[in-house]
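Visitor: I have a protein chain open and would like to talk it through with you. Could we begin with one of the loops?

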Amino acid sequence: MNVIYPLAVPKGRRLCCEVCDAPAERVCTACTVTYYCGVVHQRADWGSIHEKICQLLIPLRTSMPFYNSEEERKHGLQQLQQRQKHLIEFCYTVAQKYLFEGKHEDAVPAALHSLRFRMNVHGLSSVELVPAYLLLAEASLGLGRIVQAEEYLCQAQWTVLKSTECPYATHSLLHRNLGLLYMAKENYEEARYHLANDIYFASCAFGTEDIRTSGGYFHLANIFYGLKKLDRADTLYTKVSEIWNKYLNNHYQVLSQARIQQIDLLGKRFETDTGLDEAQEAEAIRILTSIWNIRESTSDTAPQKTIFVLKTLVMLYHLMMNSSKQTFTKHLLCTRAWSSSQPVGYNRGDREAQGTVGAQRRDSNPTWDGHKNMP
C-alpha cells in the first residue's frame, strides 16, 4: 500500500508533495521517504527523476545514526554533503537534457530536486540557486506558463543582484533565459538586448569560440530569422556551425591520437566519445538539427552550407555511436535502407550522412512506459 493514513503520521509533522508542495496522500513504497499529493504527480516524478535517485534519497531523508566520536560524526556529515552535491549536478544535468529534447514537463521534477538540494547545501539566498531557478523558468516557458516563468526569473535576478561574487557563467545563463522570455512575449528588442549580454558574459567566462557561447548566437540568429533578416541570421548560424565543427573535429583528433597510443601500450582499442555530458549532447543535436533544417530549406542558394552542417552532425553522431556497437549497427542498417531508396546519381557521401542523421532523429525520442514498474 502506498496511501498515507493520517493517524499514522506523528503529531505536528506535515508531509508535502514532492512536486507541488501540497499536503501529501501517497508515499513511494521503494524509499518510503518521498511523498505525493496523488497518483498524477507520483507518476510524473517517477518518470522524470525519482526512479533514478530513489534509493539515494534514503540516507538524506532519514535520521543520522549514532556516532561514537566527533570525528566519525564529521565524516558522516561530509559524506552526506557529498551525496547532496552529487545529486545537485545529476538532477541538473537530467533536467537540462529534458529541456534540450523538448520534454519540458519531465524537466520540472528534476529541476525542483536540484533546487531543493541546492537550498539544503548552500542556503536560501545563495547564488548557487540561480541555475535551478533558470531551469524551472525555461521549463515553464516551454509549457506556455509565462507568468510562472517570470516569477522564477525574478527570483533568479534578485538573487544575482544580492550577490557580490556572481560568476560570468551565471550572468550569461540569466540573460539567455531573459532573452527567451522576451522572445516568447514577442518583445524582440528586449530579447536581443539580453541575448547580446548573454554572449558578452559567456565570452568573458569561456571565450567567443566556445560551445557554451554558441547558444547565445543560436537564439539571436533565431530572432533575426523570424524577423526575415536572413543575412544576419545566416552569419550567426554559420558561426554556430563553425564553433561546433571545430570542437568536434579537435576532439576527434585528440581521441584518435589517444586511441593509437592506447593500442600501442595495451594492445586493445580505445573507445571514443564526444567529451560532452548528456545534456550537452542533446543541446548539440537540437542546435545543429535546427540549423540543418533551415539550411535545407535554402539549399538551392548555398548547398555548401547545408553540407557543412550535415558533416558536423555526422561527426557528432559518429562520436556518440562509438560508445555502443549495437547503436552503430542499427544506424548503419538505417543508413543503407535509406540510401537504397535514393535515385541514381545522388552523392553517396551525402546520402549516407542523411541516413545516419535521419536514423538518429528517429531514435532520439523513444517511446517509454516506465509507470508500470512504479512503486
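Guide: Gladly, and please keep in mind that this is a predicted model.

Visitor: What is the phi of threonine 32 like?

Guide: Its phi is near 60°, which is a positive value in a residue other than glycine. As background, most residues other than glycine have a negative phi.

Visitor: And how accessible is threonine 32?

Guide: Threonine 32 has 48% relative accessibility and therefore counts as partly exposed, given that exposed would require over 50%.

Visitor: Which other residue has a positive phi although it is not a glycine?

Guide: Lysine 228 does, with a phi of about 65°, and its place is in the loop between helix H8 (211-226) and helix H9 (230-266). With a relative accessible area of 67%, lysine 228 is exposed.

Visitor: Which glycine takes a positive phi just after H2?

Guide: That is glycine 102, where phi is about 80°.

Visitor: What lies between H1 and H2?

Guide: A loop lies between helix H1 (39-53) and helix H2 (70-100), and leucine 56 has its place there. Leucine 56 counts as partly exposed because its relative accessibility is 40%. From C-alpha to C-alpha, leucine 56 is 8.0 Å from arginine 83 in space, while the two are 27 residues apart in sequence.

Visitor: Changing topic, which annotation covers residues 17-54?

Guide: An unreviewed UniProt entry carries the annotation "domain: MYND-type" for that span. In the model, residues 17-54 are 39% helix and 11% strand, and their end C-alpha atoms lie 15 Å apart.

Visitor: Let's go inside. Which residues have the most contacts within the largest nonpolar core?

Guide: They are Phe117, Leu136, Leu153 and Leu174, in a core of 48 residues. The elements giving two or more residues to this core are H1, H2, helix H3 (104-122), helix H4 (130-142), H5 and helix H6 (168-184). Another core, of 35 residues, lies apart from it and includes Ala221, Ala233, Ile285 and Ile287.

Visitor: What is leucine 136 in contact with?

Guide: Once its neighbours within four places in sequence are left aside, leucine 136 is in contact with Val108, Ala111, Leu112, Leu115 and Tyr152.

Visitor: Now threonine 159: buried or exposed?

Guide: Threonine 159 counts as buried because its relative accessibility is 6%. This residue is found in helix H5 (residues 146-162), and its side chain reaches the backbone oxygen of glutamine 155 at 2.7 Å. Leaving aside neighbours within four places in sequence, threonine 159 has contacts with Ser125, Ser126, Val127, Val130 and Tyr133.

Visitor: Finally, how many helices and strands are there in the chain?

Guide: The protein chain has 13 helices and two strands, and 43% of its 375 residues count as buried. Among contacts with a separation of 6 or more, 59% are between residues 24 or more positions apart. The accessible surface comes to about 20400 Å², and 52% of that belongs to carbon and sulfur atoms.

Terms used
Residues numbered from 1 in each chain as written. Predicted model: local features only at pLDDT ≥ 70, side-chain atom pairs only at ≥ 80, totals over all residues. Heavy atoms only, no water. Helix = DSSP H or I, 4+ residues; strand = E, 2+ residues; numbered from the N terminus. Buried < 20%, exposed > 50% of the residue type's maximum accessible area, 1.4 Å probe, protein only. Polar contact = N/O pair within 3.5 Å; in protein donor to acceptor, adjacent residues only side chain to side chain. Contact = heavy atoms within 4.5 Å. Areas by Shrake-Rupley, 256 points an atom, 1.4 Å probe, with all protein chains shown as cover. Core = buried A, V, L, I, M, F, W, Y, C linked by side-chain atoms within 4.5 Å. UniProt positions renumbered as here; feature names shortened; annotations may be inferred.
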